[in-house]
Amino acid sequence: MQNIDDYQKWTRSTAVFPNAAAFLYISYGLLSEAGEIAGAIAKYHRGDYDWKELETKLQKELGDCFWFLAQFCDHLELNASEILQKNVDKLESRKERNVLKGSGDDR
């Protein structure tokens with residue numbers, strides 16, 4: 001893959017779910033993968049994995065999260081690179097105004 005937009009387009013070739021249920025499938029899939037990340041971290045802290053095993057598991061699950069995020073963008077007809085740039089712009093503004101800490105979307 002050359003960039004996130006290429007990856008987003010590529011995910012179309014592996015998206016196997018009914019289009020009518022796309023948002024529900026993608027939402028639950030993303031939540032499920034995030035839960036797998038949390039579960040792996042919990043098991044690491046319980047002593048089930050060493051750091052290398054955790055890293056390997058997280059790489060797989062983070063990749064799955066990226067897939068679902070790319071599909072979310074695709075179904076919303078948004079470019080992932082534009083979403084990422086807007087996030088960078090928002091966080092840079094907060095950094096410049098010294099309001100990275102705190103709560104609320106409009107800080």
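How many salt bridges does the structure hold? It holds four. The model is predicted. The exercises below start from these pairs and then move along the helices.

**Exercise 1. Find where Asp74 and Arg12 sit, and say how they meet.**

Step 1. Look at the pair itself. Asp74 forms a salt bridge with Arg12, and the closest N and O atoms are 2.8 Å apart.

Step 2. Place each partner. Asp74 belongs to helix α3, while Arg12 is in the loop between α1 and α2. The two are 62 residues apart, and the pair links distant parts of the chain.

Step 3. Check the cover. The cut-off for buried is under 20% relative accessible area. Asp74 has 15%, so Asp74 counts as buried. Arg12 has 47%, so Arg12 is partly exposed.

**Exercise 2. Describe the salt bridge between Lys52 and Glu55.**

Step 1. Read the distance. The side chains of Lys52 and Glu55 meet at 3.2 Å, N to O.

Step 2. Why are these two about one helical turn apart? Because they are three residues apart in helix α3.

Step 3. Compare the result with the cut-offs: exposed means over 50%, and partly exposed lies between that and the buried limit. Lys52 is exposed at 55%. Glu55 is partly exposed at 28%.

**Exercise 3. Trace helix α3 from end to end.**

Step 1. Set the limits. Helix α3 covers residues 51-75, which makes 25 residues.

Step 2. From first C-alpha to last, the helix reaches 36 Å. That is close to the 36 Å expected at 1.5 Å a residue.

Step 3. Inspect the N-terminal end. Asp50 caps it. A side-chain oxygen of Asp50 lies 3.1 Å from the backbone nitrogen of Lys52.

Step 4. Step past the other end. Just after α3, Glu77 takes a positive phi of about 60°.

Step 5. Find the covered side chains. The buried residues of α3 include Leu54, Leu58, Trp67, Phe68 and Asp74. The buried residues of α3 pack against α1 (4-11), α2 and α4 (80-96).

**Exercise 4. Is Leu54 buried or exposed, and what does it touch?**

Step 1. Leu54 is found in helix α3. Its relative accessible area is 3%, so Leu54 is buried.

Step 2. Set aside residues up to four places away in sequence. Leu54 then touches Ala40, Ile41, Tyr44 and Tyr49.

Step 3. Take one of these partners. Tyr44 is 10 residues from Leu54 along the chain, and their C-alpha atoms are separated by 6.4 Å.

**Exercise 5. Work out the surroundings of Gln8.**

Step 1. Gln8 lies in helix α1. At 4% relative accessible area, Gln8 is buried.

Step 2. Its side chain makes a polar contact with the side chain of Asp74, at 3.2 Å. Asp74 also forms the salt bridge with Arg12.

Step 3. Leave out residues up to four places away in sequence. The residues touched by Gln8 are Ala70, Cys73, Asp74, Leu78, Asn79 and Ala80.

**Exercise 6. Which residues form a nonpolar patch on the surface?**

Step 1. The members are Phe23, Leu76, Leu78 and Ile83. Together they have about 330 Å² of accessible area.

Step 2. Pick Phe23. Phe23 is in helix α2 (residues 22-46). With 40% relative accessible area, Phe23 is partly exposed.

Step 3. Follow Phe23 to a contact. His75 is in contact with Phe23, and also with Phe17, Asn19, Ala22 and Ile26, leaving aside neighbours within four places in sequence.

Step 4. His75 is found in helix α3. Its relative accessible area is 26%, so His75 is partly exposed.

Terms used
Residues are numbered from 1 along each chain as its sequence is written. This is a predicted model: local features need pLDDT of at least 70, side-chain atom pairs count only at pLDDT 80 or more; totals for chains, interfaces and linings use all residues. Side-chain values use heavy atoms; hydrogens and water are left out. Patches are made of residues with over 30% relative accessible area and no salt bridge: like charges are joined within 9 Å, nonpolar side chains (Val, Leu, Ile, Met, Phe, Trp, Tyr) within 5 Å. Accessible areas come from the Shrake-Rupley method with a 1.4 Å probe; for residues, only the protein chains shown count as cover. Helices (H or I, at least four residues) and strands (E, at least two) are DSSP runs, numbered from the N terminus. Buried means under 20% relative accessible area, exposed over 50%, partly exposed in between (1.4 Å probe, protein chains only). The expected span of a helix is 1.5 Å times one less than its number of residues. Contact means heavy atoms within 4.5 Å. A polar contact is a pair of N or O atoms within 3.5 Å; within protein, one must be able to donate a hydrogen and the other to accept it, and residues adjacent in sequence count only if both atoms are side-chain atoms.
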